[in-house]
Amino acid sequence: MTQTLEPTPAAVQSGPAQTWLADFEAALKERDIPRAAGLFATKSFWRDLVAFSWNITTVEDPTGVADLLSATLERVDPSGFALEEPEATADGVTTAWFTFETAIGRGRGLLRLKVEDDRAKAWTFLTTLYELKGHEEPRGVRRPRGAEHGVNRDRVTWAEKRQAEAETLGLTEQPYAVVIGGGQGGIALGARLRQLGVPSLVIDRYERPGDQWRGRYKSLCLHDPVWYDHLPYLKFPDNWPVFAPKDKIGDWLESYVKVMEVPYWSSTTATSASYSEEAGEWTVTVSRGGEEITLHPKQLILATGMSGKPNIPDLPGMDIFEGEQHHSSKHPGPDAYEGKRCVVIGSNNSAFDICGALFEHGADVTMVQRSSTHIVKSDTLMDIGLGDLYSERAVASGMTTEKADLVFASLPYRIMHEFQIPLYEQMAERDADFYQRLEKAGFRHDWGDDGSGLFMKYLRRGSGYYIDVGSAELVADGSVKLAHGQVSHLTSSAVVLEDGTSLPADLVVYATGYGSMNGWAADLISQEVADRVGKCWGLGSDTTKDPGPWEGEQRNMWKPTQQEALWFHGGNLHQSRHYSLYLALQLKARFEGIETPVYNLAPVHHLA
């Protein structure tokens, strides 16, 4: 959907959604907030991505709607609500795609209506900003010509312009934004900012873009399917593998940086950063190829992934263990461990991948499961969990990536688990034999605290699951041995569990996950700033590893934080693609001096 720069309202007969949008717009035009709020159901949700709030936020019920409108309506001055395609009704819910305008931009959204008290009222309402008036991306009819026809003795070629930028940006001319982290998140944002004309610089410590992937264990592949993983502007070709190998992804990211002309400094490490409220800018010190350079951006974005620093346990005996030990993020692959006794501590994605690869290469492998894990078979997840939105089937039905992203975004986190539970019940039924064999082997399996499965675990805690691409069968049939419990200590040649079980080891892999992203802020800026912004990720669902209170959105991600001009950008390829748009628009508005009062800036409840 975002491929269309100027949507054309659908020519359709009047239905409940069209009537609702007309009533809503009339109430907004008259500044009649009680009337507008009364169009929402008693239990309802309005999720706004930047369009009204200059934030990523969700309000609930008519009282929440009234609060949002009271704070934003006069400034936003919304108008032009119109159906983008015919509305549809199924199972008592009317769904409608619509477009609208604000004083400064253009947006689109998705409305779901339910009948309450004999009236069609909004149940879920999504509004998103997709472009700023007067600052549209140079796409479609606005694309650059590229060539300069005629005669010009002072002609500067495209390549010369790019070279001049490379020789000045960050050196004699300061970037407006510095993005630390050049993986998929950083380069997706860098590409967005390039198209919006925001001078920005992506920096990364690796030698080449994509090295973040190339350096991982050699069997690593994406567990998400290709339709879910496109980057902005430039989709994977239609013969791209469904599950891309890590080196192929690495090469794609490197090509993307070049083709999309993302200003990118490789072999560059940020060593410190501090913010001056008086100057309204950051001082960021970086080491680039051994040279120290000081940057002064107005905005600083940490795009280091949704995960923070590796969680490496501090265990008695680590200093006397005579074998090899490392965190899963540093695992080189299985080649050197044929015939070795390998103990992998953990039972999530990385642990299973590493166990499977080690077994394939003739290692003696034991997995230590410390807590229960949710597993779903890849083919089943692709069919039941993602097939309607991200699959060849979805493409054939007319479901674009952009439209699928908005469908996902339109489901409020408060009730998303209600949509997920029946899907995972179907998965459990389809693969019942698999789960019986797995549990008979002693594996402790769960479906999430409320049975909502993998995606909610990902959103709530970012851990506790495995998409099975084969390695779970090794645990089920005993090829990979299974041990349970916490690690007590290491000896010179073994891992010892709290119950006294001794696991002889030549290699110990700590597949023990990662901390919160604000750990990077603590290292780079200060612990004070890390505590000021608080924990990143999670919803406040009060489920395992996602403590309450309810916050309603991903903590600190893609939106303003309690530290002025500091932003966090990360997540999987889907989130890096989709939310990079809203982060880029927030940065563009600030760059252009557009007023950006933030509604409902999230308070901090958890420091890490």
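The model is predicted, so local features are kept at pLDDT of at least 70 and side-chain atom pairs at pLDDT 80 or more, while totals for chains, interfaces and linings use all residues. Residues are numbered from 1 along each chain as its sequence is written, and side-chain values use heavy atoms, with hydrogens and water left out.

The second largest pocket holds about 660 Å³ of space. (On a 1 Å grid over the protein atoms alone, a pocket is an open set of points where a 1.4 Å probe fits, with protein on both sides within 12 Å along at least five of seven lines; lining residues have an atom within 4 Å of a point. Points are joined across faces, edges and corners, and the volume is the space filled by probe spheres set on them.) Its lining counts 24 residues, with Arg112, Asp388, Leu389, Val407 and Leu411 closest to the centre. Two or more lining residues come from each of strand 5 (93-101), strand 6 (105-116), helix 9 (378-385), helix 11 (401-409) and helix 12 (413-430). (Helices, H or I of at least four residues, and strands, E of at least two, are DSSP runs numbered from the N terminus.) By class, the lining has 14 nonpolar, four polar and six charged residues. (Ala, Val, Leu, Ile, Met, Phe, Trp, Tyr, Cys and Pro are nonpolar, Asp, Glu, Lys and Arg charged, and the others, Gly among them, polar.)

Helix 11 also meets helix 18 (residues 573-591): their axes come within 11 Å and cross at roughly 85°. (Axes are lines fitted to C-alpha atoms over the stretch in contact, with angles from 0 to 180 degrees between N-to-C directions.) The two helices are therefore roughly perpendicular (65 to 115 degrees; under 35 is roughly parallel, over 145 roughly antiparallel and the rest oblique). Contact, meaning heavy atoms within 4.5 Å, involves Asp405 and Phe408 of helix 11 and Arg577 and Tyr582 of helix 18, among others.

Helix 12 packs on helix 14 (residues 453-460) at about 150°, axes 8 Å apart, which makes the pair roughly antiparallel. That contact has seven nonpolar, three polar and one charged residues.

As for aromatic pairs, the count is 36 (Phe, Tyr and Trp rings, six-membered for Trp, with centres within 6.5 Å; planes under 30 degrees apart are stacked, over 60 edge-to-face and the rest tilted). Phenylalanine 40 and phenylalanine 125 have ring centres 5.7 Å apart and planes at 80°, so they sit edge-to-face.

On the backbone, a cis peptide bond joins glycine 548 and proline 549, with omega about 10°. Aspartate 77, though not a glycine, has a positive phi of about 50°.
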